[in-house]
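Subject: Structure handover

Hello,

Here is the structure you will be taking over. Please open it alongside this message.

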Amino acid sequence: MIIGGTAPDAPQCGTGPARPLAHAGVAGAVPVAGAVPVAGAAGAAGAAGVMPVIVAGAEFDPLRDEGAAYADRLKNAGVPAEYPSGPWLIHSFAASLSVVDAADAKVRAILDMFNQNLGS
């Protein structure tokens with residue numbers, strides 16, 4: 001789960017590329033009003049004013065390492081990025097809301113981070 005801006009080298013997820021909330025200039029991205037791309041057409045990093053990114057992972061996610069590496073690449077490019085990993089959770093933990101207490105807690109924590117990034 002990727003919330004916020006993105007870079008053109010988003011990790012693969014399931015049967016196709018991740019579809020992060022993003023902006024024009026990033027193939028496969030979902031537009032977000034006011035978002036600023038982190039790379040131009042030539043791929044040069046330009047992170048000034050980029051929306052913070054939350055790449056949420058889970059301890060037992062087969063894509064856990066890719067998510068952490070993606071968050072690190074964003075940070076190294078100057079993009080504010082966080083990678084909150086959920087202990088004892090699986091890949092699609094958000095689908096188990098109201099069933100698994102740890103999933104409820106992790107989603108609440110991610111939403112709190114999201115609200116902080118929005119300044120609310």
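Below is what was found in it, from the whole chain down to single residues.

**Ground rules**

This is a predicted model: local features need pLDDT of at least 70, side-chain atom pairs count only at pLDDT 80 or more, and totals for chains, interfaces and linings use all residues. Residues are numbered from 1 along each chain as its sequence is written, and side-chain values use heavy atoms, with hydrogens and water left out.

**The chain as a whole**

The protein chain has two helices and nine strands. These are DSSP runs, numbered from the N terminus: helices are H or I with at least four residues, strands are E with at least two. In sequence order the pattern reads β-β-β-β-β-β-β-α-β-β-α.

Of the 120 residues, 37% are buried. Buried means under 20% relative accessible area, exposed means over 50%, and partly exposed lies in between (1.4 Å probe, protein chains only). The accessible surface of the chain is about 6700 Å², and carbon and sulfur atoms hold 60% of that. Such areas come from the Shrake-Rupley method with a 1.4 Å probe; for residues, only the protein chains shown count as cover.

Contacts next. A contact means heavy atoms within 4.5 Å. Among contacts with a separation of 6 or more, 54% join residues 24 or more positions apart.

**A nonpolar patch**

Phe60, Trp88 and Ile90 form a nonpolar patch on the surface, with about 410 Å² of accessible area together. Patches take residues with over 30% relative accessible area and no salt bridge; nonpolar side chains (Val, Leu, Ile, Met, Phe, Trp, Tyr) are joined within 5 Å, like charges within 9 Å. Phe60 sits in strand E7, residues 57–60. Its relative accessible area is 43%, so Phe60 is partly exposed. Trp88 belongs to strand E9, residues 85–90. Trp88 counts as exposed because its relative accessible area is 70%.

Most residues other than glycine have a negative phi. Trp88 has a positive one, near 65°. Ser98 also has a positive phi, near 70°. Ser98 lies in the loop between E9 and helix H2 (101–118). Ser98 is exposed, at 70% relative accessibility.

Ala94 is in the loop between E9 and H2 too. Ala94 is partly exposed, at 32%.

How many salt bridges does the structure hold? One. A salt bridge is a side-chain nitrogen of Lys or Arg within 4 Å of a carboxyl oxygen of Asp or Glu. Asp65 and Arg64 form it, with their closest N and O atoms 3.3 Å apart. Asp65 is exposed, at 51% relative accessibility. Arg64 is partly exposed, at 33%.

Asp61 is buried yet has no salt bridge. The nearest side chain of opposite charge is Arg64, 8.0 Å away. Here Lys and Arg count as positive and Asp and Glu as negative; His and the chain ends are not counted. Asp61 is found in the loop between E7 and helix H1 (64–76). What does the side chain of Asp61 make a polar contact with? The side chain of His91, at 2.8 Å. A polar contact is a pair of N or O atoms within 3.5 Å; within protein, one must be able to donate a hydrogen and the other to accept it, and residues adjacent in sequence count only if both atoms are side-chain atoms. Leaving out residues up to four places away in sequence, Asp61 touches Leu89 and His91.

Lys106, in helix H2, is also buried without a salt bridge. Its nearest side chain of opposite charge is Glu82, 9.4 Å away. Beyond four places in sequence, Lys106 touches Pro84, Ser85, Gly86, Leu89 and Phe93.

**Further along H2**

Asn117 lies in helix H2. Asn117 is partly exposed, with a relative accessible area of 30%. Setting aside neighbours within four places in sequence, Asn117 is in contact with Pro52, Ile54 and Glu82. Asn117 and Ile54 are 63 residues apart in sequence, and their C-alpha atoms are 9.3 Å apart.

Best wishes
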